[in-house]
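Colleague: I would like to learn how to read the strands and helices of a model. Can we take it feature by feature?

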Amino acid sequence: MSASTFFMKRTATTPHRSATTPTINVIYFKITKIPMKRIILSLSLILCVMTIRAAVKIDRIDPANWFVGMKNTSLQLMVYGENIRQADVTTDYDGVKIDSIVRLDSPNYLLVYLNLEGVKPGEMTLNFKNGKAVKKVKYELKAREKRGEERMGFTNADVLYMLMPDRFADGNPDNNDIKGMNPYKTDRSQPSLRHGGDLEGIRHHLDYFKELGVTALWFTPVLENNSPGGSYHGYATTDYYRVDPRFGTNDEYRRLTDEAHAKGLKIVMDMIFNHCGFEHPWIKDMPSKDWLNTPEWLYDRKDKTKAEVNRKYMQTTYKLTPTVDPYASAIDLKETVDGWFVPSMPDLNQRNPHVIRYLIQNSIWWIETVGIDGIRMDTYPYADADAMALWMKTIDEEYPNFNVVGETWVSDPPYTAAWQKDSKISQRNSYLKTVMDFSFHAKINQAKYENTDGSGNGMNRIYENFVYDYLYPNPSSVMAFVENHDTDRFLGNGRDTAALKQAMAILLTVKRIPQLYYGTEILMNGTKEKTDGYVRKDFPGGFPGDDHNAFTAGGRTPEENAMFTWLSRLLHWRQGNDVITKGSQTQFIPYNGVYVIARRYNGKNVMTVVNGTGRTTVFAVRRYAEVIGHNTEAKDVLTDRTVSLTDDTQLEPRKVMILEF
């Protein structure tokens, strides 16, 4: 065959923004008067290049493994890889069916939905084929350690101790500075920078929690937050399947949980479905135009910056009332739910079924992988209500004894009650078992400065808070607190132990799930006047070089030891106390400045008696005859002293008693 002029034609599939239809391009290669050997060589090179370009590249699959024997047998796999969208997927693992393949807008994502009904544990092979190129990926299907019904969540029998890993204890200084992370600085002198606390630091002090008497630990988020500056608080997730390496590893998280369980402590994981961090891979390369609640311009721009987002994005109004307002305008609701929390936290679109499925699976994966005992969901009402209800319903069906608490930050009981599962005052069922009592927080912090009078001040506020418990389907599954990481410390910048003891006595004896904030037991104080960092101070003794070690009695000041001992006594008394966790509740309108709450169960009684004034007053026992009955004396569990129930008792200013009889 002599050399001649000819055209070689091939078709090439070019990724397109459409989720389903590729564009077919026709490419012509013109070759003129080339010897046959050179033609053959050129064709070989072209075919080689085509093969290289057609190679299937997979960077990761979320989740990295899964579990068989789930009630919901559907599994979504999010596959990441350059130009992976057009790949076909097969597997010959016994029983596994591929229900659907979803090709998103971005060419670099592929969603594969599998059905695992009746499938046995083992390692399956997934075959990704793009043209003639095939990539085989091993994928593990694990056996579950427990049935879903055996996963027991936190209840009102527990006391949650909330802490920030970065500010509690540094158990491994080697992970303070991690190469490859976005620029950040560890500097304990700066309240808004990372301080170096980690999961190992928490693990080293599990006995401290046991000594104190709490039963469950809630950490602020531990997942990767690869943001410049470090995002020490954890609320800007950049990888939903990885513990932030500055806190530790997934294995260390599991080890901490296992050792906590061995000591009778539960672990509650803080999650965020409303938003992710700006440095999440989804922001640089969005899977689809509707993956976020965001203008389309953000999807199209590959050089987007936070500064540009700050100019153009829609921020939430932080007004949560439109989510329950029957007269809410569409724009008000949209601004609340679809607006971004801040420019560094892009708002996820949970109405996209693939987004919410990803998030649902992620929470299940952590339950199964680490063995967490509960979830605290951040910014709950800011996310789409129907999608969040689907999440909660799925969790409840899979783990009927598990528990989730949602942050519902409005200080009106009707608002909070509307978000609890089976609410009769809501248009929809949220399936959310536990809500946070921001009303109690607001009122106890007002009452501490006031004298209880004959109108509405002081302890009248607490009385009125519980009046509205009829709105809650389950008041025993409402979480109450006097402070947390987003509020001023209860002590402000002072150390008024009288007010703190009254607050703790009420918190730990009423029909609620109580939550403490780290350091309350040693009188840690601070306000947010300058920055949140001042209510998130380092726990003394948790960091190398600390002179003050509050983890031991010998390291605490006499004042700190007195508060620790008082609170520890109350917490240990509460453990396993059926009167507090199962008993009925009766409260009395404050009288002579005295507020009384009574709990009763199986013939046993507890009365919390609070002098809500700065003066000496009288506890008039005859007023409480319906609870006291024929009992003539009681023990004050706070002091071990015997108190007469037949004669009136003088109460010193701000005195509190917990009477057991």
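Colleague: In strand 15, which residue is the bridge partner of Trp218?

Modeller: A word on the source before that. This is a predicted model, where local features need pLDDT of at least 70, side-chain atom pairs count only at pLDDT 80 or more, and totals for chains, interfaces and linings use all residues. Residues are numbered from 1 along each chain as its sequence is written, and side-chain values use heavy atoms, with hydrogens and water left out. Now the pairing: two strands pair if DSSP finds at least two bridges between them. Strands (E, at least two residues) and helices (H or I, at least four) are DSSP runs, numbered from the N terminus. Here the bridge partner of Trp218 in strand 15 is Val268. Four bridges join strand 12 (residues 216-219) to strand 15 (residues 266-271), and the two run parallel.

Colleague: Which strand does strand 11 join, and over how many bridges?

Modeller: Strand 11 (residues 160-163) is joined to strand 12 by four bridges, in the parallel sense. Leu163 stands opposite Phe219 of strand 12.

Colleague: How do I read the two faces of a strand?

Modeller: In a regular strand the side chains alternate between the two faces of the sheet. Check burial on each side. Buried means under 20% relative accessible area, exposed over 50%, and partly exposed in between (1.4 Å probe, protein chains only). In strand 12, Ala216 and Trp218 are buried on one side, and Leu217 and Phe219 are buried on the other. Both faces are covered.

Colleague: What sheet does the order 11-12-15-16-17-18-19-20 describe?

Modeller: A closed barrel of eight strands, with parallel pairing. Neighbouring strands of this sheet are turned by 25° against each other on average, direction ignored. Axes are lines fitted to C-alpha atoms, for helices over the stretch in contact, and angles run from 0 to 180 degrees between N-to-C directions. Helix 5 (residues 250-262) packs on the sheet and touches strand 12 and strand 15. The direction of helix 5 makes about 145° with that of strand 15. Strand 15 also pairs with strand 16 (residues 374-377), parallel and over four bridges. There, Asp270 stands opposite Arg376 of strand 16.

Colleague: How do I read a helix pair?

Modeller: Take the axes, then the handedness, then the residues. A crossing is left-handed if the near helix is turned anticlockwise from the far one by less than a right angle, and right-handed if clockwise. Helix 10 and helix 11 (residues 385-398) have axes that come within 10 Å and cross at roughly 30°. Their crossing is right-handed. Ile356, Ile360, Ser363, Ile364 and Ile367 of helix 10 meet Ala387, Leu390, Trp391, Thr394 and Ile395 of helix 11. That contact divides into eight nonpolar residues, two polar and no charged. Ala, Val, Leu, Ile, Met, Phe, Trp, Tyr, Cys and Pro count as nonpolar, Asp, Glu, Lys and Arg as charged, and the others, Gly among them, as polar.

Colleague: At what angle do the axes of helix 13 and helix 14 cross?

Modeller: Roughly 165°, for helix 13 (residues 438-447) and helix 14 (residues 460-467), with the axes coming within 8 Å. That makes helix 13 roughly antiparallel to helix 14; the word applies to angles over 145 degrees, while under 35 is roughly parallel, 65 to 115 roughly perpendicular and the rest oblique. The crossing of helix 13 and helix 14 is right-handed.

Colleague: How many residues of helix 13 are buried?

Modeller: Eight of its 10 residues, so helix 13 is mostly covered. The cover of the buried residues includes helix 12 (413-418), strand 18 (434-436), helix 14, strand 19 (478-481) and helix 15 (497-507).

Conventions: Contact means heavy atoms within 4.5 Å.
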